Amino acid sequence: MNKSLKNLVMAALFAALSCVATSIIRIPTPGTGGYIHPGDAIVILSGVFLGPVYGLFAGGIGSALSDFIGGYFVYVPITFVIKGLIAFIAGYIFQKAAANNHSKHLAVAFGGVADIILVAGGYFICELPMYGTGAAASIPSNIIQGVSGLIIASILYPLLNPALKPLLYNER
């Protein structure tokens with residue numbers, strides 16, 4: 001199988017994993033109508049394992065699909081952009097900073113930091129026109145979601161890396 005087809009198949013797999021991780025495990029956040037979920041970890045890892053471009057589409061499409069399935073229609077394009085950017089930035093940081101095994105783990109964590117900033121800030125900015133200053137109510141839960149994504153991605157990376165490295169034909 002050629003490399004671009006393999007990357008496309010892996011991107012589809014990560015999109016599906018992102019959708020499932022976002023949809024299946026939901027911890028409702030009081031007063032916001034939203035929920036905390038582990039899907040951000042898969043978004044971060046899609047950028048790490050697939051690179052910025054394939055990761056952007058895998059993380060963005062999978063997360064947006066979860067919003068669509070869950071009935072959060074207004075958030076579909078917002079989620080696609082925010083989660084896609086998270087995966088892109090995580091992949092970019094990983095490619096630039098991951099010179100050795102120790103820095104690879106740090107690069108995954110920095111992708112998680114990007115997740116915290118983009119989830120809390122991105123959704124706040126997008127919700128501001130819809131909810132006014134009430135949009136600030138979602139910031140704490142979005143920070144918790146981002147922190148959980150960072151922690152889960154940092155735990156999953158060393159577990160998934162040995163299995164995915166041969167599939168992706170690169171030195172990660």
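I began with helix α2, where I found G39, D40, A41, I42, V43, I44, L45, S46, G47, V48, F49 and L50 to be buried, buried meaning under 20% relative accessible area, exposed over 50% and partly exposed in between, with a 1.4 Å probe and protein chains only. I note that this is a predicted model, in which local features need pLDDT of at least 70 and side-chain atom pairs count only at pLDDT 80 or more, while totals for chains, interfaces and linings use all residues. Residues are numbered from 1 along each chain as its sequence is written, and side-chain values use heavy atoms, with hydrogens and water left out.

I then looked up the span of α2, which covers residues 39-50 and reaches 16 Å from its first C-alpha to its last, close to the 16 Å expected at 1.5 Å a residue; the expected span is 1.5 Å times one less than the number of residues. Helices here are DSSP runs of H or I with at least four residues, numbered from the N terminus. Just after α2, I saw that G51 takes a positive phi of about 90°.

Next I searched the whole structure for salt bridges and found one, the term meaning a side-chain nitrogen of Lys or Arg within 4 Å of a carboxyl oxygen of Asp or Glu. K83 pairs with D40, and their closest N and O atoms are 2.3 Å apart. Because K83 lies in helix α4 (residues 76-97) and D40 in helix α2, the pair ties together parts that are 43 residues apart in sequence. I checked the burial of both partners, and K83 is buried, as is D40.

I stayed with helix α4 for T79, which is buried with a relative accessible area of 3%. Leaving out residues up to four places away in sequence, I listed S63, A64, D67, G84 and Y123 as touching T79, where contact means heavy atoms within 4.5 Å. L85, also found in helix α4, is partly exposed, with a relative accessible area of 38%. I also recorded that L85 and G60 are 25 residues apart in sequence and 7.8 Å apart in space, C-alpha to C-alpha.

Last, I turned to helix α1 (residues 3-24) and helix α3 (residues 52-69), which pack at an angle of about 35° with their axes 7 Å apart; the axes are lines fitted to C-alpha atoms over the stretch in contact, and angles run from 0 to 180 degrees between N-to-C directions. Among the residues making this contact, I noted F14 and C19 of α1 and Y54 and I69 of α3.

Technical notes:
Helices (H or I, at least four residues) and strands (E, at least two) are DSSP runs, numbered from the N terminus.
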